[in-house]
Amino acid sequence: MTILQWVVMVEKVFGRPSPAVRRGFSFFKTRYNRGMSQNQNTEVKHVRPSWDEYFIKIGRDVGERATCNRGSGGCVIVKDKRILVTGYVGAPAGVAHCDDVGHELHTVTQEDGTQSKHCIRTSHGEQNAIANAARKGVAIEGGTLYYFITPCYTCAKMIINAGIVRVVVEKDYHASKRSKEIFKEAGVELIILNPEVETYADMK
Ligand SMILES: [Zn+2]
Ligand SMILES: [Zn+2]
């Protein structure tokens with residue numbers, strides 16, 4: 001029974017209420033309706049992430065295990081919307097980590113003459129994910145690789161030869177020119193969700 005039906009029934013039984021009672025009822029009805037519409041407006045509808053957003057988010061959690069803070073990323077390799085393997089930035093298993101003994105920095109001169117510093121103690125998240133697949137005999141051919149930045153040149157070469165067909169990253173990497181070129185040449189689709197370039201300390 002609605003409030004209106006209830007009022008009509010009460011009026012039939014007890015007669016029409018006085019104007020003061022009617023005003024009081026009207027006041028509460030307005031408040032009730034306003035409350036209902038506010039509830040409808042403020043109700044937050046759950047929005048499911050897309051598949052790409054979902055795996056990128058999982059990659060962020062994987063990256064929390066990284067042991068070098070110069071690009072502490074996590075990698076997720078997926079096929080048919082199922083996670084096959086993960087990997088994160090770190091020194092080889094059993095070898096001292098950057099977090100404990102510091103970085104192993106090398107200065108690299110780029111093609112255009114600019115120099116940038118790179119930590120070479122670690123293998124990158126993509127390399128470790130591919131190594132993990134080899135270790136456990138998981139076929140990643142035809143898969144999609146998720147990472148937080150565009151893969152470096154070395155990782156890009158490994159990704160191509162591992163048979164990965166699609167790479168989805170959150171941000172761009174400042175030294176990704178050659179990676180982009182060889183992905184295009186080899187027919188690997190590269191999707192950069194946010195064109196912003198990832199930055200970190202002492203990058204150049
Ligand atoms: Zn390092
Ligand atoms: Zn790399």
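I begin with a turn: in the hairpin of β1 and β2, which has two residues between the strands, Asp80 takes a positive phi near 50°. A word on conventions is in order. This is a predicted model, in which local features need pLDDT of at least 70 and side-chain atom pairs count only at pLDDT 80 or more, while totals for chains, interfaces and linings use all residues. Residues are numbered from 1 along each chain as its sequence is written, and chains are lettered from A and ligands numbered from 1 in the order in which they are written. Helices (H or I, at least four residues) and strands (E, at least two) are DSSP runs, numbered from the N terminus.

Gly74 stands opposite Tyr88 in β2. Five of the six residues of β1 are buried, so β1 is largely enclosed by the rest of the structure. Here a residue is buried if 20 or more other C-beta atoms lie within 10 Å of its own, exposed if 12 or fewer, and partly exposed in between, with C-beta atoms placed from the backbone. β1 is also joined to β5 by three bridges, and these two strands run antiparallel. Ile77 has Leu145 in β5 as its bridge partner.

Five strands form an open sheet of mixed pairing, in the order β2-β1-β5-β6-β7. β2 (82-88) and β7 (189-192) stand at the edges with a single partner strand each, so one side of each is left without a neighbour in the sheet. Within the sheet, β5 and β6 pair in the parallel sense over five bridges, and Thr144 has Arg166 in β6 as its bridge partner. Helix α3 (residues 51-63) packs on the sheet, touching β1 (74-79), β2, β5 and β6. Contact means that the C-beta atoms of two residues, placed from the backbone, lie within 7 Å.

What of the helix α6? In α6 (residues 153-161), Cys155, Ala156 and Ile159 are buried. Seen down the axis of α6, its buried residues fall within an arc of 100°, so they line one face of the helix; the arc is that of the directions from the helix axis to the C-beta atoms. Their cover includes α5 (125-136), β5 (144-149), β6 (166-171) and α7 (177-186).

How do α6 and α7 lie against each other? Their axes come within 8 Å and cross at roughly 15°; axes are lines fitted to C-alpha atoms, for helices over the stretch in contact, and angles run from 0 to 180 degrees between N-to-C directions. The two helices are therefore roughly parallel, a term for angles under 35 degrees, with over 145 being roughly antiparallel, 65 to 115 roughly perpendicular and the rest oblique.

Finally, there is a second hairpin. β3 and β4 (residues 115-119) pair in the antiparallel sense over five bridges. Of the five residues of β3 (residues 105-109), the number buried is zero, so β3 lies largely in the open. Between these strands are five residues, and Gly113 in this hairpin takes a positive phi near 95°.

Definitions and conventions. Pairing = 2+ DSSP bridges.
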